[in-house]
Amino acid sequence: MAGERSLLPRVLAALSGPRPPGSDDTCLEKLLDWFRDLVGPAESEESVDPALKLVQDNPCLTEFFTSVLALPEPRPCILSFTLRLAGILAASENCFLHLQQEKLLLKLFGRDGPLSSSEWEDASVRSGWLEGVCSMMCHQPALHFICSGGGIDVIFALQGDSSLFVASLASSLLVQMLILSTVSETTEHLGSEDCDWPACAQIIIKHIEDSLQSSSASYIEQSLKLLTLLFRNCHATWTEAIWLGIAKQIESFLMEKTVQEEHMLANLLLNVARSPVFRDTSSFWALVTSALEHLNPVHAGPLAVGILKRYRCPRDVNMKALTVLLQPMDCILRAASQPPESAGLLAEPVSDPTTVESLLSSKSSCVNLLCQTLTHLEELLSLVSLPVDLPCVSLLRSVLTMLQFCNGTLSPASPLGSTISRILINCFRVQRSALDVLTALAERNGCRSFIVSPFDVLLAYLESPNTNPTVLTKTLKATSEWLVKLHCWSCSNNQQQQAEKIFEAVFLALRKRLCSPCWEVRDSSLEFIVYLIRFLRDSDAFGQLLLSLKVPGLIENLLEDPESYVRASAVTAFGHLAFINGFSSQSPVEENQYNNENMVTKLQEILSSDPEVFPRRAVISFFNEWLTGVYTGELEDTVQFVSRVIQTVQHDPDWEVRLGCLELVSVFCRYTICQLGPPEWPYAPASSAVTSSTRRSDPLQVFCRAKLFSFLFQSVCDCDKPVAEKACFVLLGLSTSFCPTDTLKGSGETGSAPAEHGIAWLQRTLKQGSLAQNFPIDGGNGVDFQDPECMMLALGTIDLKELHDELNKSSDHVEKSPQSLLQDILATVGTTEENEADCY
C-alpha cells in the first residue's frame, strides 16, 4: 500500500487539474474498484473504520473534492468519478459525518453543487450523482441528508430522464431509500395509516400513489417500474400494506384497460406473486386470476409461465395459468379439424376465444404469439416437476399440426385454418420453436403410446429440399431424440421391424443431407450420427444399418471436406464408428477398411497434416475419449500410440491441441499405473538378472519409452499458460505417486553428481518458464529424459508444488495491480495531441 499512497496524491492532483490525463473510463472504473476494496466493511465494531482512516491518512482525497468543485468547467467524466468516489467513502457512517463536517457532501450533492451547473446536462454526471447517492445510502444520516436537502425531488424528476440508464437508476435508488427508511429503530409495525410510516417512506409512497392516479402515461409507467423493483427486491411484511394501498388502482388498470403497457402490469403481478408475504392472500390471487383473463394473451403468457414455476400457488390459479398457455395450441387444433369444435385441447378457455383467433389471423401477431407460447411450453417441459400435469399427447398433436401448417402438408379444414396456413407456410421462426417443443416432448412418458406419430412429419422435413438449414438442424435434433425413444420402445414391445423401417427411412434421407451443398447441413448431419452412436452403440442392428447404407464411406469422404468445421465433425463421427459394438467384424470388406488400427492411422494423419485447428482439436479430443472409454489394447501398443501422438503434437501451433495431448498423457499415466502400480522407492534400475519383460513392465520404463517426460517438461515452459499449468499438474501427480513426501526436495541445487547437476539446471530452466529458449530434449545438460533413474531423481528433487503454485498465480497480480493502474494514469499526464493520435 505504501507505493500506492505515494502515487495517490499525484494521481488525484492530475485528475483535478485544469487538463486532466487522457485516461479512458476503464481506468477510472478500476480506480473506483480499488477504493471499494480499500473501504470494505470493518471487521468488528471495535476495529478502525477503514473509510474514515483512509480519508484521515490521505488529505489529498478531500483536497481532490475541493479542487474539482473549484474547476470552472470540469470534464463530465471527472465530475462523475468525483461524485461516485464521494459516495463510496460516505457509505461509512463515520466517514459520512466527517465529510459532512467538511461541508463537502452539501457541495457535491446539494442544490449548489453539480445540480445547478451546466455539466448536469451530461447524462454521465446525472448517473454519477445517482450512483454516489446509491453508494452512501447505507445509514440513516445519509437518508436524512438527501430527504431534507431536496435531493428526493431530484430523484423523482430523474425517473423520467431521457437516459434509460439514469431513469432506471433513479427507480432503484428510490426503492433502496424506501427499504432503508423502514428499518429505523423506531419502526416496529407499519400499517396502512400514514402516521405509521417514517417521513421518507411517506414521501415515496405518496409519490407512487399520486403517479398511479395521474393522467400521465409516463408517470404511471414510472410508478409501475418502481413497484416492480420493490416487490422483486423486498419481501418484508410491510410490503403488504403498500400493496393494499394500490391494489384497487391496479385492478382498475386491468378491467378498464387504461394502461397501454400491459406487460408492466404482468411483471408487477409476477414479482408480487414471488413474495412469500402474499402466499395466502386470497384477494391478491383473485387479482392474478383476473389478470390472466383480461390481459392480452401475449402479455398474459409470461405471467402464466411465471405462476406455473412458482410453488405454493392456489391450484385453481395454476390451472388458469396453464389454460392461458394452451389456448393458442387449442386454437391450432380446432382450426385443423372438421368440424372445428371436434378436436380441441381445452374444455373451457380462459379468455374470449375470438381474441386468440384474432391474433392468429394477423401475420405479425400470429407468429409472435405462437413463438412465445412454444418457448414457454418448452421451458415448462424442461422442469423436473410442475404443480399441474401437462396434456402431453394433445400438445404433441398440436405441435405436429403446426409443423404441417408450416410446410404446407396439411389441408386446412376451416376458414381460420386457411388463414393460419397462409401465415405459417415456410415460417422459420415457428418451425424452430415447434421443433424445440417436439424435442422436449420426446422425454415425456405420456407420449410413449404415440411414439411413431412424429416421424411422418419429421421425415417430410428431412426429405424436403425447401427445409431451411437452421430448421433442418433442429429437425435432426428432434429426430435423434425420438429415434432413441423409438429404439427403447421397440425393444420392450417387440416392434423391431416397424422401428427398423423408420430408421432406414431416416438414414436414407440423411445420406442426401451428408452430400448437401450447404456446409451447415453436412455438419448437423454428422452431429446427428454421433449423437445416435453414443446411445445405440451396443445395437447390432444399428451397426448393420450404417454399413448397408454405406454411411461410413460418406463420413470418410467428409474428412476431406473444404470446410474445416465439417472436417472436425467428420473426425468425431469417423472416430465414433469404433465405439459401435462389433462394427469392424460385420463384413470382411468393411473390416479391412474400418478396423480400429486403420481408423486411428487415418486420424493421426489428419492430426499431423490438417492446416486448420478444428479438425486437429477434434482428433485429439476423440483420442482422449477413446483411450478413456473403450480402448483395451496391449500396453505396448498403447505406448506406441501415445508416443506417436506426442511426437506429432509437441510442435503443434495451437495451444488447445497441445493441451488436449497433455490430457491424453494424463489418461495414459492413470491407465498404466492402474495396470502396473508405481515403482518402489528408492528407485533401483533393473539388474542384469532381471528379465527384459520385468524391466519393460516398470511404469517409469514405459513412460520413458513413450517419450512422455521430455514432452511434459518442455510443456512446463510453454508460452501458453494453460498448457504449462496442465503439464506441471501432471508432473506433480506423478511425483506424488512415485516419490514419498520430503525425500529429496530442494537438493537439486547442491548435488555434486553429474545427474544432480543436470537436475539443478532443469529446475532453473523450469523456473524461467516461457522465457527459456530452445528447451533441449535430447539429453543435453546432463538430463536424459528417457532414463528412468534420471526422471525419478527429477520427480523427487524439483519442487513441483512451488512451481505449480507460481504458474497458477494470475498475471493480473502484476499488470492489474493498483500501483500499476496509478502509474498508467500518471503516464498520460501531459500527453500531447500527437501522442494521443499515435495511440491509435
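**Figure 1. Contacts along the whole protein chain.** Among contacts between residues at least 6 apart in sequence, where contact means heavy atoms within 4.5 Å, 71% join residues at least 24 apart in the protein chain. The model is predicted, so local features are described where pLDDT is at least 70 and side-chain atom pairs count only at pLDDT 80 or more, while totals for chains, interfaces and linings use all residues. Residues are numbered from 1 along each chain as its sequence is written, and side-chain values use heavy atoms, with hydrogens and water left out. The protein chain holds 45 helices and 0 strands, where helices (H or I, at least four residues) and strands (E, at least two) are DSSP runs numbered from the N terminus. Of the 840 residues in the protein chain, 52% are buried; this term stands for under 20% relative accessible area, whereas exposed stands for over 50% and partly exposed for values in between, with a 1.4 Å probe and protein chains only.

**Figure 2. Aromatic rings that pair with one another.** Rings of Phe, Tyr and Trp (its six-membered ring) pair if their centres lie within 6.5 Å, and the pair is stacked when the planes are under 30 degrees apart, edge-to-face when they are over 60 and tilted for the rest. By this rule the count comes to 27 aromatic pairs. One of them joins phenylalanine 278 and phenylalanine 284, a tilted pair with 5.6 Å from centre to centre and 45° between the planes. Both phenylalanine 278 and phenylalanine 284 are buried. Ring pairs also link these two with others, giving a cluster made of Phe231, Trp243, Phe278, Phe284 and Trp285.

Figure 3. Tryptophan 519 and tyrosine 565 form a stacked pair, 5.4 Å centre to centre with 15° between the planes. Because tryptophan 519 lies in helix α27 (residues 519-536) and tyrosine 565 in helix α30 (residues 564-576), the pair ties together parts that are 46 residues apart in sequence. Tryptophan 519 is partly exposed, at 30% relative accessible area, and tyrosine 565 is also partly exposed, at 40% relative accessibility. In another ring contact, arginine 537 lies over the face of phenylalanine 579, at 4.6 Å from the ring centre; a charge sits over a ring if NZ of Lys or CZ of Arg is within 6 Å of the ring centre and within 35 degrees of the ring normal.

**Figure 4. Helix α35 and its two ends.** Helix α35 (residues 655-676) has 22 residues and reaches 31 Å from its first C-alpha to its last, close to the 32 Å expected at 1.5 Å a residue, the expected span being 1.5 Å times one less than the number of residues. At the N-terminal end, aspartate 654 caps α35, with a side-chain oxygen 3.3 Å from the backbone nitrogen of glutamate 656. After α35 comes glycine 677, whose phi is positive, near 80°.

**Figure 5. Serine 16 in a loop between two helices.** Serine 16 lies in the loop between α1 (2-15) and α2 (25-38), and at 11% relative accessibility serine 16 counts as buried. Not counting residues up to four places away in sequence, serine 16 touches Phe64, Ser67, Val68 and Leu71. The C-alpha atoms of serine 16 and phenylalanine 65 are separated by 8.1 Å, although these residues are 49 residues apart along the chain. A polar contact is a pair of N or O atoms within 3.5 Å; within protein, one must be able to donate a hydrogen and the other to accept it, and residues adjacent in sequence count only if both atoms are side-chain atoms. The side chain of serine 16 reaches the backbone oxygen of leucine 12 at 2.9 Å, and a polar atom of this side chain lies 3.3 Å from the backbone oxygen of alanine 13.

**Figure 6. Cysteine 138 and the search for disulfides.** A search of the whole structure finds 0 disulfides, a disulfide being a pair of cysteine sulfur atoms within 2.5 Å. The sulfur of cysteine 138 is 9.7 Å from the closest cysteine sulfur, in cysteine 134, which is too far for a bond. Cysteine 138 counts as partly exposed, at 49% relative accessibility.
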